[in-house]
Amino acid sequence: MPLTDTWLKKNLGKERADLHIETDQDGLSVRVTPKGKITFQMRYRYAGKQVRLDLGSYPNISLKDARAELQKMKAVLETGYDPRVHKKIEIHKITEAVTFEELFRDWYKKYVMQNKKSHHQILRSFELYVFPKVGSLPCDQITLHHWLDLLEAHVEGSESITDRILANTKQCLNWGINRKLIELNPIRHISGKLDLNIKKNRTVRVLSDDEVSLILGVSDHSKTSLKNVLFFKLCLFYGNRYSELRIALKSHFDFKNNTWTVPPENHKTGEESKRSIVRPIIEEIKPWLQAAMDLSNSDYIFPNAKSNEPMGRSGPTDMPYNFMQYARRRMGIEMKHWSFHDLRRTARTNFSAFTSRDIAELMVGHVMPGEQATYDYYDYQEEMAKAYKKWWDKLESLTN
């Protein structure tokens, strides 16, 4: 007679003198030990020999589930594979499953660091927004809906970060598939534009005067180190690429001639233009620069905290997030996401109110257009200094 739930409940934990086998149907049976432990088994023949495979113990697996597992294993048997081997492989997949964080860090170490200049930003985005949500889950158990929920939660705050996470997650999962580390990439065909409504080249972030005032206040009152606060304020003041200041040497700052020189190898357009970026140092900014130098025991004005090497790429990327967290937790203010590049864009936008377009472009280190770049070697230090002085006055008013 077929097994029933009533029979199983009656015999569970019931002691008996000998081991007992009770058959069901289609090759299913249960083994009952003298102490009443019940185990579902599949009876079948493989390579001419009678074989039994344990499917699970009752009540951890129900009679209904045991019959479903039996049919699954019979399908495996029909393909010519031994269900015992198939079962071991399944167990191995579960116990040895690669978590997403493990896969990502492996991909990051072996591929991203060598091939992507912005690898520090990529890693930080995943540390902040992805690992806390799905980092500990096995990759093949993270569903399409898991990923969509995570991505959609960030679109409104920052489309650029969401697009970065989507693109790099797809690449990471494909990398894992190619190396047989995982089997699935559920977001392979997800499009940032079509599925998440990410519109590239949309008008990007420029901080308002109120926001500038807020973050200046946060920088002064949060627990951010003085070195990092000075780095932030100098980037906001000069509108420079943060890498130009991150790798700047003390010797690049000439207080006698009041200039900060960024050599060609230290800025984005230097390889093509072969020209340095030279910015004026106004009197008001000197105390910030001098304070930064006094804090540094290195040739670099902003060295790494644990070495004499320049500040790491990831250092500046943490500050906006920390400032936004402080504003939210301590002041109850939810700031729209901003980055160091948004500070640069904010400074450039304000420069237009204080000087001509050409001078404003030189202040942020852009190359002069057309033939002007070839023939015009005037330094414009006086004109830039006047604009920086007006920008300083505005920042002072916003601070107050």
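Let's start with the hairpin of S1 and S2, where four residues sit between the strands and Asp 26 in the turn has a positive phi of about 60°. Strands here are DSSP runs labelled E of at least two residues, helices are runs of H or I of at least four, and both are numbered from the N terminus. Keep in mind that this is a predicted model, in which local features need pLDDT of at least 70, side-chain atom pairs count only at pLDDT 80 or more, and totals for chains, interfaces and linings use all residues. Residues are numbered from 1 along each chain as its sequence is written, and side-chain values use heavy atoms, leaving out hydrogens and water.

Strand S1 (residues 20–23) is joined to S2 by four bridges, and the two run antiparallel; strands count as paired if DSSP finds at least two bridges between them. Ile 21 has Arg 31 in S2 as its bridge partner.

What joins S2 to strand S3? Five bridges do, again with the strands antiparallel. Leu 28 stands opposite Met 42 in S3. This second hairpin has five residues between its strands, and Gly 36 takes a positive phi near 90°.

How covered is S2 (residues 28–32)? Mostly: four of its five residues are buried. Buried means under 20% relative accessible area, exposed over 50%, and partly exposed in between, using a 1.4 Å probe and protein chains only.

Now look at Asn 11, which lies in helix H1 (residues 5–11). Asn 11 is buried, with a relative accessible area of 7%. Beyond its neighbours within four places in sequence, Asn 11 is in contact with Arg 16, Val 32, Gly 36 and Ile 38, where contact means heavy atoms within 4.5 Å.

Three strands form an open sheet in the order S5-S6-S7, with antiparallel pairing. S5 (253–254) and S7 (277–280) are at the edges with a single partner strand each, so one side of each has no neighbour in the sheet. Two bridges join S5 to S6 (residues 259–262), and Asp 254 has Thr 259 as its bridge partner.

Finally, a helix on its own. Helix H10 (residues 209–221) has 13 residues and reaches 19 Å from its first C-alpha to its last, close to the 18 Å expected; that expected span is 1.5 Å times one less than the number of residues. Its buried residues include Val 212, Leu 214 and Ile 215.
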